[in-house]
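Student: I would like a close look at one part of this protein, the metal site. Please take it slowly, and then relate it to the other local features worth checking in the model.

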Amino acid sequence: MITATLAAIALSSAQADLVKYDPIPFTDVRIKDRFWQPRQEVNRTATVEHSLQQLEEAGNYLVMRLAAEGKRAGYKGLIFTDSDLYKVLEGVSYTLATHPDPKLDKRTDELIALIASVQMKDGYLNTWHQVNRPEGRWKNLRDDHELYCAGHMIEAAVAHHKATGKRNFLDIAVRFASLIDERYGPNGEPGYPGHPELEVALFKLWKETEDDRWFALSKKMVEMRGTHFFAAEHKTPLERYNGTYWLDDVPIHEHKEIKGHAVRAAYLLAGAADLARETQDPEMISMLNRVWRNAIEKRIFITGGIGPSRSNEGFTVDYDLPTLTAYQETCASIAMAQWGQRMALLFGDAKYVDSVEMALYNGMLSGVALDGKSFFYVNPLASQGNHHRSKWFTCACCPPNVLRTIASLGGYVYARSNKQLVVNLYVGGDLNTTVANEPMKLSVKTDYPWDGRISMTFGAPSKAGLRLRNPGWAQGASLAINGKKMPSPALEKGYFVLSGPWRKGDTVSLDLPMPALQMEAHPSAQDDRGRTAVQRGPLIYCAEQVDNTSPIADLVLPRGTSFKPSYRKDVLGGVVVIDAQAESVAPPNWDRTLYQPLKVAKKVKATLVPYGYWDNRKAGAMEVWLPLIPPPAKISGPSVPSTKG
Ligand code: FUB
Ligand code: ZN
């Protein structure tokens, strides 16, 4: 009895933690800075066209035509190829929302008409199955990605509806969702996607249409997970079933770690966070907290991405954070940002935004070249000079994911409660929205993340309070209102809390000191042991061969060395470069030598650039984690015999 009472108290305290901020849509945020604006511009003017062309070359339109014509041969692409087209259309819709473009709008409508022509009478739509194996429809939810593609279609359709007000895409999505609902909804048979994604998509569809069917369907998909449906589907005896890869190993409420396939895991957790926001299910809330802690304390790369291993595109064990072989799929960084964003809104705690920021400014950004036309799928933290971006991929999930994320980036910047504006990211530009049923106009001047000074000026009077994120990396932030320093501003859950009212022209200035920090990893992270990474603000830096005369492998960055950051217009389109006092120690040659004088380290300057910008110039080695002292030489040859016989 006492135990039950204690459990009830613990559960209701989980609910009490919920704050539930609402996101402010990216369409209310105009980005005008030196960091994101150029990226958004390239995204809109280069990546969109590039992607539409790559879809043509990859066969995405061809397979739509084949399916529309009822053809049964000639398919090109993977089983989830439709999702690439949908993600591109989602990204395109976001650009249409901020930059109306009649030509692009027409092209989009033509593609939507093509998609409509594929849809079967009952609402089904999946080119791979329609062409290759119509009889295999819904037979293998674990692997066949029908529900995953449906999810991406729904997200795209919602984005298109919001951007254009047209229903042409939304109607297709609703028809398909209705079919899925009839089959797998609350009154249907068991089943959930092998690759989560549909869960978050249905949530968006619910918000857009206010049709509760989509909420109930998403809820079922999240809550049923872990009932070993895939074992039943594949007739795998339970004693031989390991559902970890699909997060189907334990009931959803019981997860303790982030595990399995990285993108699947973070998309599912994002869906669970959406659901917990509505149901306030204390066990779901506890699970989210537990798994978040495991992710942040033991499994995330310093660059904000997740998933160390190529073999399962996902997780292995705690602290497995390799550098050269880090997988860190671009989609996984994006998925992490999506999950973190939902956690931040749900719990109203700035610590979640720290992770969102790291994922967006590092892991995600490295996924795309500065010209917006080539991409990383895998994002290692070290390279011997042979890892480069590609124009597209056979498995092309990452490029369109970057496209849609950059196009809608403004959506991560602000949130609101019924009486406060929450500033999560510091991005120069204008906010034009409503908070507490009043207009909220803010003009933000900053050179963040190159500089930590931010000045926010109200363009209209407002009674709303302000919550300004004090990033986890920022020590000694200072705040001023209309030039008058606030001696000790209140900090709550990582936010500086300021109350209104504000007059038009009032200015709040925040100064976040941004020294270059030498970071170290938990000693259990073997690959980072004895090494240091450099972080300045939210940016992780790396040494690239092109900037350095010493071979990258010989560079040593001693503890407490000095750093000189400077904005360099001529480097990578304009970035803050960090010059560091480093040493260079070439590995000794041990051929036929047992002893030799210790090599004297040469003092050298090492030049570091933001990780998100690497591999945009001459190919060469790259390293995020540099040694603090010369690492022991790798040796080959006979080892010392054991004295124990
Ligand atoms: O399975 C669809 C996508 O392809 C996943 O999200 C990526 O990891 C890649 O495997
Ligand atoms: Zn991907």
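Tutor: Along the chain, the donors of the zinc ion (ligand 2) follow the spacing E-x1-C-x65-C-C. Cys331 sits in helix H14 (residues 330-347), while Cys397 belongs to the loop between strand S3 (382-383) and helix H16 (398-407), so this pair ties together parts that are 66 residues apart in sequence. The model is a predicted one, and the geometry below should be read as computed from it.

The protein donors are Glu329 through OE, and Cys331, Cys397 and Cys398, each through SG. These atoms lie 2.0 to 2.3 Å from the zinc ion (ligand 2). The angles subtended by the four donor atoms run from 95 to 119 degrees, and the arrangement is therefore tetrahedral. For four tetrahedral donors the ideal angle is 109.5 degrees. The cut-off for burial is a relative accessible area under 20%. Cys331 has 2% relative accessibility and therefore counts as buried. Cys397, at 5%, is buried as well.

The side chain of Asn379 makes a polar contact with the side chain of Ser366, at 2.7 Å.

The structure holds one cavity of 30 Å³ or more, and the largest cavity contains about 50 Å³ of space. Its lining consists of Arg39, Val42, Asn43, Thr47, Val368, Ala369, Leu370, Gly372 and Ile406. By type, the lining residues comprise five nonpolar, three polar and one charged. Helix H2 (residues 36-58) gives the most to this lining, with four residues.

Some backbone details also deserve a check. Most residues other than glycine have a negative phi, and most peptide bonds are trans. The peptide bond from Tyr448 to Pro449 is cis, with omega near 5 degrees. Pro449 lies in the loop between strand S7 (438-446) and S8. Gly500 and Pro501 are likewise joined by a cis peptide bond, with omega about -5 degrees. Pro501 is in the loop between strand S13 (495-498) and strand S14 (507-511).

As for phi, Lys20 has a positive value near 60 degrees, and Lys20 is not a glycine. Lys20 is found in the loop between helix H1 (2-16) and strand S1 (22-23), and is partly exposed at a relative accessible area of 29%. Tyr319 also has a positive phi, near 65 degrees. Tyr319 is in the loop between helix H13 (282-299) and H14. With a relative accessible area of 18%, Tyr319 is buried.

Finally, strand S8 (residues 453-458) includes Arg453. Arg453 has a relative accessible area of 53% and is exposed. The C-alpha atoms of Arg453 and Met514 are 9.3 Å apart, although 61 residues separate the two along the chain.

To return to the part you asked about: the zinc ion (ligand 2) is held by Glu329, Cys331, Cys397 and Cys398 as protein donors, in a tetrahedral arrangement.

Terms used: Residues are numbered from 1 along each chain as its sequence is written. Chains are lettered from A and ligands numbered from 1 in the order in which they are written. This is a predicted model: local features need pLDDT of at least 70, side-chain atom pairs count only at pLDDT 80 or more; totals for chains, interfaces and linings use all residues. Side-chain values use heavy atoms; hydrogens and water are left out. On a 1 Å grid over the protein atoms alone, a cavity is a set of points where a 1.4 Å probe fits but cannot get out, and a pocket is an open set with protein on both sides within 12 Å along at least five of seven lines; lining residues have an atom within 4 Å of a point. Grid points are joined across faces, edges and corners, and a volume is the space filled by probe spheres set on the points. Helices (H or I, at least four residues) and strands (E, at least two) are DSSP runs, numbered from the N terminus. Ala, Val, Leu, Ile, Met, Phe, Trp, Tyr, Cys and Pro count as nonpolar, Asp, Glu, Lys and Arg as charged, and the others, Gly among them, as polar. Donors are N, O and S atoms within 2.8 Å of the metal (3.2 Å for Na, K and Ca); water is not among the atoms, so sites may look incomplete. Four donors count as tetrahedral if all angles lie between 85 and 135 degrees; four count as square planar and six as octahedral if opposite donors are over 155 degrees apart and all others between 65 and 115; anything else is irregular. Buried means under 20% relative accessible area, exposed over 50%, partly exposed in between (1.4 Å probe, protein chains only). A polar contact is a pair of N or O atoms within 3.5 Å; within protein, one must be able to donate a hydrogen and the other to accept it, and residues adjacent in sequence count only if both atoms are side-chain atoms.
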